[in-house]
Amino acid sequence: MKNTKPIYTIGHRNPDTDSICSAIGYAHLKQALGQNVVPARAGKVNAETKYALEHFKVEQPLLLTDLYPRVKDITMDCQIVVKQHDTLRHLGEVMREHELKSVPVTDSKGLLVGIVTVSDLAKRYFQELSMQNLSEMRVRYRDLIAATDSEVLVSGDEGEFIQGCVRIAAGSIETIKKVIDKKDIVLVGDRHDETMLDIIAQGVSCMIVTGGGRLSGEVIEAAEAKGIFVLSTPYDTYTVARLINQCVPIRRIMHENPVCFKPLDMLSDIKGTMEETNYRNYPVIENGRLVGIISRDNMVMPEREQVILVDHNERGQAVEGIEEAKVVEIIDHHRLGGIQTSEPIYTHAEPVGCTATIVANMHWQNDVEIPASIAGLLLSAILSDTVLFKSPTCTEYDKKTAERLAEIAGVDINEYGMAMLKAGSGIGDMTPAEIAKNDLKEFQIGDYRIIVSQISVMDTKEVMDLEPQLIEAMTGICEKEGFDMSLVMVTDILEEATYLLYAGSPKTLIGEAFKKDASGTHVYLTGVMSRKKQIIPPLSEAVKRIAK
């Protein structure tokens with residue numbers, strides 16, 4: 001069976017420092033409380049967050065690009081496999097012992113080469129109309145010995161391939177001589193030494209004495225002289241004949257190149273293939289190696305990913321496929337934005353400047369110690385979201401929490417804060433399209449789908465010099481992804497002001513919200529630094545006035 005799946009704690013798409021660090025911090029709290037919670041991220045780590053992670057020597061959380069159910073989510077362990085050179089008898093024993101309907105087949109290196117089903121075995125059984133020519137089947141003597149549970153009376157090279165046919169010594173010696181050729185395998189029942197010596201003289205490769213019969217020293221010596229295998233089996237001649245037909249290697253009846261899936265294949269993409277082929281089980285492979293198996297029966301109700309949302313609660317901001325997952329908790333400091341759940345869940349939302357403030361205090365409320373590295377990350381999130389306490393969203397609660405975290409982390413707030421903000425303030429090699437989507441969040445404001453991105457810099461000139469390219473990129477995003485408007489906040493950390501760039505329509509919404517001339521492509525907003533408190537609320541009020 002599959003291992004218990006973890007719960008992922010994850011922030012919004014295009015994550016900022018709070019989204020990443022709060023996910024890590026909250027995962028630490030849940031792990032300390034005994035839960036299998038893993039931090040994750042829904043996008044690329046920005047320069048500022050990277051600085052914080054590297055400063056406090058914490059690895060980036062797991063990247064989850066979406067939460068759509070995948071093959072790995074319903075894959076079962078597959079500990080029972082057979083090798084392509086194993087015999088049909090071995091296959092039957094495996095299927096009977098483990099009550100299997102199908103078994104994957106691998107080669108000597110463990111690579112998947114086929115799959116064999118119980119119906120294949122049954123078909124083979126009904127096709128047994130005569131003794132098989134083992135030379136065509138590439139059966140080895142050791143397979144023959146194992147299949148018939150034989151005792152080796154005269155040995156030879158057990159790894160050698162059998163070259164003849166299987167014959168039954170029935171009738172007179174004259175009749176036997178007519179049907180026996182060199183290299184054949186001969187089944188001998190209760191016969192006189194004279195008959196056995198005549199058979200040996202024919203140059204057969206192997207003589208199998210059925211019914212547990214014993215041989216005289218003279219017969220054994222004659223066989224040794226000729227280099228002929230002599231085997232003794234407890235089964236009667238009829239049974240031995242059937243068992244020999246089961247010496248055939250599995251590769252002779254297996255399905256080569258079976259329909260396989262990979263762990264990261266989406267379930268929605270493989271349903272059509274499963275409906276067309278209609279097999280019961282399908283191998284799951286990675287780099288050619290078998291890693292598990294999936295059953296079509298498990299496709300009905302795959303186990304959903306469980307997630308804890310931090311620093312957001314709106315579906316439009318959540319990781320792709322959130323509708324396919326089970327949201328079990330929400331920890332946030334934003335407005336409530338419409339995530340729907342199938343049952344009541346734990347939510348913790350406070351009107352503070354940063355989700356990390358909530359996470360840090362939840363540690364202390366649960367008497368969970370915060371390590372210096374985690375304290376440093378939570379501090380980084382607060383300093384980022386409040387822009388070193390300059391943002392109007394900042395509360396005294398944020399400041400007191402930050403001071404306590406700084407003491408644990410062993411850093412000076414102002415010195416570390418300025419270094420971190422500076423690390424994330426330049427645009428570096430970011431393209432206009434990347435700037436247009438930096439720290440992007442989606443909002444439904446009235447009838448309009450609007451995205452608002454933000455980039456905080458020490459000097460706005462390097463960004464504003466790219467305004468034509470930025471507007472082009474923002475317009476392209478609206479057209480390709482169906483948004484009504486794209487807004488980019490270019491926030492000056494030192495001047496505590498923002499250039500608000502906009503593309504799309506209606507531009508009257510910008511003019512009405514900020515009482516500015518919106519005929520161009522940007523407005524300058526003194527004292528504006530917070531998207532949550534100074535951009536979204538005015539837009540929400542303006543849309544009501546426009547609608548009248």
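In the predicted model, strands β5 (residues 102–106) and β6 (residues 112–117) are paired in the antiparallel sense, with 5 bridges between them. Within this pairing, Val-103 has Val-116 of β6 as its bridge partner. Both strands belong to an open sheet of 4 strands, arranged in the order β4-β5-β6-β12 and with mixed pairing. The edges of this sheet are formed by β4 (82–83) and β12 (255–256); each has a single partner strand, so one side of each remains without a neighbour in the sheet.

Across the whole protein, the secondary structure amounts to 21 helices and 22 strands. The radius of gyration is 37 Å, well over the 24 Å given by the globule rule for 548 residues, and the protein is therefore more spread out than a compact globule. Along the principal axes, the C-alpha atoms fill a box of roughly 115 × 50 × 45 Å.

Of the 548 residues, 51% count as buried. Among contacts with a separation of 6 or more, 62% are accounted for by residues 24 or more positions apart. The accessible surface of the protein is about 25700 Å², and carbon and sulfur atoms contribute 48% of this area. As to charge, the protein carries 59 positive and 79 negative side chains. The centres of these two sets lie 3 Å apart.

Key
Residues numbered from 1 in each chain as written. Predicted model: local features only at pLDDT ≥ 70, side-chain atom pairs only at ≥ 80, totals over all residues. Heavy atoms only, no water. Pairing = 2+ DSSP bridges. Helix = DSSP H or I, 4+ residues; strand = E, 2+ residues; numbered from the N terminus. Rg over C-alpha atoms; globule rule 2.2 N^0.38 Å. Buried < 20%, exposed > 50% of the residue type's maximum accessible area, 1.4 Å probe, protein only. Contact = heavy atoms within 4.5 Å. Areas by Shrake-Rupley, 256 points an atom, 1.4 Å probe, with all protein chains shown as cover. Lys, Arg positive; Asp, Glu negative; His and termini not counted. Charge placed at Lys NZ, Arg CZ, Asp CG, Glu CD.
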